[in-house]
Amino acid sequence: VREADIFWEKKVWRVIDTREKMNKPFVYPERPMFSIVKDAVLNGELVAYSVENDKFTQPISIEDVQSMMATVDTIETIDPETYESKLEIVVNEINVLDVKRFRLKEIWYFDEQHSVMKVRILGIAPIIDEYDDYGNFLYERPLFWIYYPHAREIFGREDVFVEGNDATRLSWENILEMRFFSSYIMKESNVLDARLNALYTGVD
C-alpha cells in the first residue's frame with residue numbers, strides 16, 4: 001500500500017482470551033500457539049522484544065526468554081527420619097495452559113485507492129497471570145513481544161485444528177489473517193497512551 005493512499009489510520013491493542021469457545025484452537029493440546037511462539041524464539045527463528053515498549057526496538061536474548069519460562073522457588077522440607085529441616089530449590093516451568101491470553105497490536109487503515117478498510121497485525125504478546133503466595137490473583141504480565149510480519153512464515157507452516165472437518169486444516173497464518181478469533185479492544189492510540197478503562201467509565 002502506498003503511503004499516499006492511506007487516508008486514515010489508527011493503532012489498536014486487543015486481547016484474545018483462549019478460554020472463549022471460538023478461541024479453543026489457541027490451546028489445541030497437540031500444538032498450542034504459545035508452544036509455537038516459544039519454540040521459534042528459543043530456536044532463534046524469531047526475535048523476542050521487551051515489553052517495556054511495544055515498538056519492537058529492544059530485542060531480548062534467548063537466555064532471558066529461557067529464564068521467563070521457569071520460576072525458581074526455595075521451599076523448606078523436613079527429613080522424615082531425622083526431622084531436620086532443610087531448604088530445597090524447586091524449578092517450576094511455565095505450563096502452556098498458564099498462558100490464557102494473547103495481546104495483539106494492530107493497525108487499521110483506510111485504503112483510499114480501493115476505498116476499503118484494512119487491518120494489519122503488527123505484534124503478538126503472550127500473557128500470564130501472576131499470583132501471590134496464597135494463590136490470590138495479583139496482575140497479568142506480558143512475557144515478550146514478537147513482530148508478526150517476521151512470524152508469518154512460521155505460522156504458515158503450523159496447522160490449526162478446524163472444528164467439524166478433520167479433512168481440512170488451516171494454518172495459523174490463515175486463522176490470524178482471516179480473523180477467525182474472538183477478542184476485545186483494550187486500548188487505542190491516544191495522546192495519554194492510556195488504556196480504555198482509564199479514559200472511560202460505565203457505558204462509555
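Tyr131 is partly exposed in this predicted model. Its relative accessible area is 42%. Phe137 falls in the partly exposed class as well, with a relative accessibility of 46%.

Aromatic pairing was examined next. A pair of aromatic rings is described by the distance of the centres and the angle of the planes. Nine aromatic pairs occur in the structure. One of them joins Phe26 and Phe102. The ring centres of Phe26 and Phe102 are 5.9 Å apart. Their planes meet at 40°, so this pair is tilted.

Phe26 lies in the loop between strand S1 (6-17) and helix H1 (33-42). Phe102 belongs to strand S6 (residues 99-111). The pair therefore ties together parts that are 76 residues apart in sequence. Phe26 is buried, at 3% relative accessibility. Phe102 is buried too, at 2%. Both values are under 20%, the limit for this class.

Tyr131 and Phe137 also pair through their rings. Their centres lie 5.9 Å apart. The planes stand at 70°, so the pair is edge-to-face. The angle is over 60 degrees, as that class requires.

Further aromatic contacts form a cluster. Ring pairs link Tyr49 and Phe56 with Trp145 and Tyr147. A charge is also placed over a ring. The ring belongs to Trp13, and the charged end of Lys187 sits over it. The distance from this charged end to the ring centre is 4.4 Å.

Technical notes. Residues numbered from 1 in each chain as written. Predicted model: local features only at pLDDT ≥ 70, side-chain atom pairs only at ≥ 80, totals over all residues. Heavy atoms only, no water. Phe/Tyr/Trp six-rings, centres within 6.5 Å; stacked < 30°, edge-to-face > 60°. Helix = DSSP H or I, 4+ residues; strand = E, 2+ residues; numbered from the N terminus. Buried < 20%, exposed > 50% of the residue type's maximum accessible area, 1.4 Å probe, protein only. Lys NZ or Arg CZ within 6 Å of the ring centre and 35° of its normal.
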